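Dear colleague,

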Amino acid sequence: MRGELYIDGKWMPAANGGTFDIINPATEEVFHKAAAATAEDVDVAVKAARRAFDKDGWPKLPGHERARYLRAIASGIRNRQAEIARLETLDNGKPTPEADWDIADAAGCFDFYADLAEQLDNNPEEEINLADPRFTSKAVKEPIGVAGAIIPWNYPLLMAAWKVAPALAAGCTVVLKPAELTSLTALELAAVADEAGLPPGVLNILTGSGSIAGQAIVDHKGVDKLAFTGSGPVGSKIMAAAARDIKRVSLELGGKSPFVVFDDANIDEAVEWIMFGIFWNQGQVCSATSRVLVQEGIYDKLLSRLIEETNKIKIGNGLEEGVLLGPLVSKRQLQQVMAAIDGARAAGATVACGGERPEGFEKGYYLKPTILTDVPLDSDAWVEEIFGPVVCIRPFKTEEEAIELANDSRFGLAAAVMSKDNARAERVAAAFRAGIVWINCSQPTFTEAPWGGYKESGIGRELGRWGLENYLETKQITRFASDEPWGWYIKAPA
Ligand code: NAD
């Protein structure tokens, strides 16, 4: 297990020798230590990334050559998929089959952006038709420069892949900081990149705290672009800091996403997707559909099936066979989610199931999957992201009412609708004010499709070709191509 910083192609301790504990959320045991990067370490890493970008030629490599490194990283991850998935479970708590899914997706993300890097070679410039025939013009895409990437703990390797793969494909160099709660698989990514022969400085991975290492990346003048996934308050601080020297910034933040189920839906199918929408990854999912709206004709029946199936979910250590709900990531996260449930109770909500630690678990940050009903529309439980396995469910009468309730949020990351009536589903999908809309499902995520939020859920899009655009600048190159002189100051002789 690794615990050092990966800077300029070398492994090293933090400049001041500082470390922090790595805790297994299933057992509460400290099982490892990782280096706590200082601002000095960040400075060395950013300077290495600058040199790799400005002098060593990473952005000048043809796309197909960068693609070779990306494919080597993808296969390096795949070759060690089971081992990396196990580390993810130890560090984050998620059940191993979920971790396995994430690691396979992360490898797929590197392959996908390898394809896009190759395509950059085929389509490097776009001719522009100018109204003025004396000029010709073209637009070219160029990498932005050094990208500072800061990621959360809910999908540790996958979030790293979503930023590193498109950035490297575009020709940027990267300084990445994983969340302090989940450092291990990011370090494995560094090891895989190193084995793939990635030139020194192109990818630097530094573990450490947000307030020291993260802040140092955000503040560093050598960073051209900040790519952040995490909470709204930190995203807002990062955007404000980026404004100081006009750094490019993309933000993927939180949500409180609605799931509208009409009365023509199959109840078991709806229950399956509602559960997948909120209990996958212990509900620690930015796009989790945590506000469920069910048309009144099927509300009672659906709710009782949902409670029945929710009570069957096997809770336990993510390494155990058959476990579908692991512990939350940390003690603090568990306390926050429990406090949100207590707040809901105090506001008048009913805890229809869960809402407490499961019996028989003395250690570990476990919480029973929880369903809240009668949640007041102005209560925190309905309005604020809880980021745990907690769903609020309420009935609605008409399509119009459902859309109004769904959109009544300061967030706009995702939304889902379920109906057998395709025209209605399309109508509601069009009415949602959200960046990601699912019809007859919730959560499936594809590397090829754009990902990101409306409103306070973020700025910019990751994944797909949109994810590559995040790391590219557009340059116009315009030529004066007339045989006649311009003649503004210096007139042609009469
Ligand atoms: P967080 O904002 O506390 O931390 C995210 C990252 O930012 C961590 O690496 C942290 O160390 C770093 N950080 C903290 N303070 C910083 C600072 N001052 N300067 C620079 N970096 C700093 O969020 P979290 O608790 O890790 O993640 C949970 C949140 O992330 C939830 O709100 C969730 O909705 C959101 N999230 C969004 C997406 C998405 O795709 N939109 C995905 C995952 C998580």
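The ligand lies between two domains, because domain 1 (5-253 + 457-478) and domain 2 (258-439) both give residues to the shell around it; these bounds come from an automatic or database domain assignment. The model is predicted, so local features need pLDDT of at least 70 and side-chain atom pairs count only at pLDDT 80 or more, while totals for chains, interfaces and linings use all residues. Residues are numbered from 1 along each chain as its sequence is written, and side-chain values use heavy atoms, with hydrogens and water left out.

Around the ligand there are 27 residues, of which Ile151, Glu180, Ser231, Leu253 and Glu385 come nearest (a residue is near if one of its heavy atoms lies within 4 Å). α7 contributes the most to this shell, with 4 residues (helices are DSSP runs of H or I with at least four residues, strands runs of E with at least two, numbered from the N terminus).

Among the polar contacts (pairs of N or O atoms within 3.5 Å), a nitrogen atom of the ligand is 2.6 Å from a polar backbone atom of Leu253. A polar side-chain atom of Gln215 lies 2.9 Å from a ligand nitrogen atom.

There is also an open sheet of 3 strands, in the order β5-β6-β22 with antiparallel pairing (two strands pair if DSSP finds at least two bridges between them). β5 (125-128) and β22 (472-480) are at the edges with a single partner strand each, so one side of each has no neighbour in the sheet. β5 pairs with β6 (residues 135-143) over 4 bridges.

With kind regards

How values were computed:
Polar contact = N/O pair within 3.5 Å; in protein donor to acceptor, adjacent residues only side chain to side chain.
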